[in-house]
Amino acid sequence: MGMPGLQRVTWAPWRRAAAWLRRVPVADPIDRRNAPALQILLIFLGVEIPLNKLYHLLTYEIQMSAAQLAVDIGTDSAMTVAAWSGVVMIRRGLVKPGTAMFIAVTMCCALIANLAFGYQLQAFDPYPMLLLTLAALVIGRGALWSVYACIPLMFVLGMGSPWGQPPSGSGSRFQNLPSLALSYLMITLVLDRTVAALREGLARAQHAARRMREEMRERERVQQRLLHMQKIETVGQLTSGISHDFNNILGSIIGHASLRHRIHELDFDAASEAPQLADALEGVEQAAQRGISVTRKLLSFSRQDLLVPVVFDVGHAVQELRPMLRQLLGPGVALEVTVPAQPCTVRLDRSQFELVLLNFAANARDAMPAGGCFSISIQHEGTWTLLELADTGTGMSPDVAARVFEAFYTTKPTGQGTGLGLAVAWEMARDAGGTISVDSTRAVGACFSLRLPQASADTPAHESR
């Protein structure tokens, strides 16, 4: 039981150090990935170079002139300062400039050291390979070939230095220069091609990612447009019912307002008939409020908004939508709604849910040209809310039922349906983590079962309207 705690204590500083190394204000993804490794390398060199020099000065006998010792200590000091300055620049987001500065200082120190000590003392120096790799991976091709151009010059200065010696004590000092130049040329070519391939692959991956994001945004825009088209179609189907309702409202207002003529009649008694006039004014107000309510509901439903999931009670939403369902079904279709006593809360876009219910009602009405019954039943089913929407219409064949949720699939005549209503219902159920299915028999009717996960009590997004 003690080991996990020990591991947490042991690894916690390393995690904090890794997080610190990653906190670099860099926008470029390549620089952001290179920054931690570059910082580790430069910190290592900033510590290793002075410690290594101090170890050699304390351990070995100094066999250099005063000028050579000054060059040796000066070049190591310059590289140490360059390493720590590079770390500071990278921490400020200057990854490429910090790396370029370190490469330039190190290359200048290598040129000076080869000139001061000769090539023999620098024969196995790992810094040329390090500088080539840093230039290729961090800065680019131009820096890579610039560093390569300096490497033969470094060898020439070292071999031509007064302290330079032939490889075997005899022969030309420059006899190994061609092979060294060609060897580093091959290394540079390999680095150039490898890094170019990596950058091209990354560029293609970034392009593909951008294109995927654009396609996803376009899909969302198309979905919103299709949803709005379906809303407009449903609003068009509601027009006749809304007009009939407004005629009743206006008729009620006119009927109440006609009592004003009593004021001009001879037998008008203000004291006794004032309550009647007050009741008439109250009736006008109530009728106007019903008209405002219908108009507001229609405008709220038909507006083009982004989908915003909220938590609401399905039963309450269906009861609020009942007048519009009644208008859409018409006088020949009965409407039955069964709502449980306890709330059935779900997390959906309220406008999209209302659209789905109106689509089901419109399809049920079209499936019952001679009249019938459209029922909505809501009940708890474990952690799910089950909505069953059934009609007593003509039903569907198995082939039609299998494709009923496909977008733009419709069996209605041209101009009477878009084939989007049930596709919107399927997409809403999928996005909410639920399911939708259909059970239909010819000449008996159809029953759609919509299962939606119940929203938890601590869900923060609650409905405000």
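This is a short walk through one protein structure, from its overall make-up to single residues.

The model is predicted. The protein contains 12 helices and seven strands. Of its 465 residues, 37% are buried. Take the contacts in the protein with a separation of 6 or more: residues 24 or more positions apart account for 74% of them.

Start with two helices. Helix α3 covers residues 66–91, and helix α4 covers residues 95–117. Two packed helices are described by the angle between their axes and the distance between the axes. Here the angle is about 175°, and the axes are 8 Å apart. An angle over 145 degrees counts as roughly antiparallel, so α3 is roughly antiparallel to α4. On the α3 side, the contact includes Val-71, Ala-78, Met-79, Ala-82 and Ile-90. On the α4 side, it includes Met-101, Phe-102, Val-105, Ile-112 and Phe-117. What kinds of residues make up the contact of α3 with α4? They divide into 16 nonpolar, six polar and one charged.

Now zoom in on one residue of this contact. Val-105 is found in helix α4. Its relative accessibility is 25%, so Val-105 counts as partly exposed. Leaving out residues up to four places away in sequence, Val-105 touches Ala-78, Met-79 and Ala-82. Look at Ala-78 in particular. Val-105 and Ala-78 are 27 residues apart in sequence. In space they are 7.1 Å apart, C-alpha to C-alpha.

Next come the aromatic rings. A pair of aromatic rings is described by the distance of the centres and the angle of the planes. How many aromatic pairs does a search of the whole structure find? It finds six. One of them joins Phe-155 and Tyr-184. Their centres are 5.7 Å apart, their planes are 45° apart, and the pair is tilted. Phe-155 lies in helix α6 (residues 141–160), while Tyr-184 lies in helix α7 (residues 177–257), so the pair ties together parts that are 29 residues apart in sequence. Both Phe-155 and Tyr-184 are buried.

Another pair joins Phe-405 and Phe-448. This one is edge-to-face, with 6.2 Å from centre to centre and 80° between the planes. Phe-405 lies in the loop between α11 and α12, and Phe-448 lies in strand β7 (residues 445–453). The pair therefore ties together parts that are 43 residues apart in sequence. The cut-off for buried is under 20%. Phe-360 also joins in: ring pairs link Phe-360, Phe-405 and Phe-448 into a cluster.

Arg-91 lies over the face of Trp-20, at 3.9 Å from the ring centre. The charged end of Arg-350 sits over the ring of Phe-312. There the distance to the ring centre is 5.3 Å.

Return to helix α7 for a moment. Thr-188 has its place in this helix. Its relative accessible area is 0%, so Thr-188 is buried. Which residues does Thr-188 touch, not counting those up to four places away in sequence? They are Leu-132, Leu-144, Trp-145 and Tyr-148.

Now go back to the Phe-405 and Phe-448 pair and look at Ser-437. Ser-437 is placed in strand β6 (residues 435–441). With a relative accessible area of 34%, Ser-437 is partly exposed. Set aside its neighbours within four places in sequence. Ser-437 is then in contact with Phe-405, Cys-447, Phe-448, Ser-449 and Arg-451. Both rings of the edge-to-face pair belong to residues on that list. Trp-426 is 11 residues from Ser-437 in sequence, and the two are 8.8 Å apart in space, C-alpha to C-alpha.

End with the loop between β6 and β7, where Ala-443 is found. Most residues other than glycine have a negative phi. Ala-443 is not a glycine, yet it has a positive phi of about 70°. Its relative accessibility is 69%, so Ala-443 counts as exposed.

How values were computed:
Residues numbered from 1 in each chain as written. Predicted model: local features only at pLDDT ≥ 70, side-chain atom pairs only at ≥ 80, totals over all residues. Heavy atoms only, no water. Phe/Tyr/Trp six-rings, centres within 6.5 Å; stacked < 30°, edge-to-face > 60°. Helix = DSSP H or I, 4+ residues; strand = E, 2+ residues; numbered from the N terminus. Buried < 20%, exposed > 50% of the residue type's maximum accessible area, 1.4 Å probe, protein only. Lys NZ or Arg CZ within 6 Å of the ring centre and 35° of its normal. Axes fitted to C-alpha atoms, helices over the stretch in contact; angles between N-to-C directions. Parallel < 35°, antiparallel > 145°, perpendicular 65-115°, else oblique. Contact = heavy atoms within 4.5 Å. Nonpolar A, V, L, I, M, F, W, Y, C, P; charged D, E, K, R; others polar.
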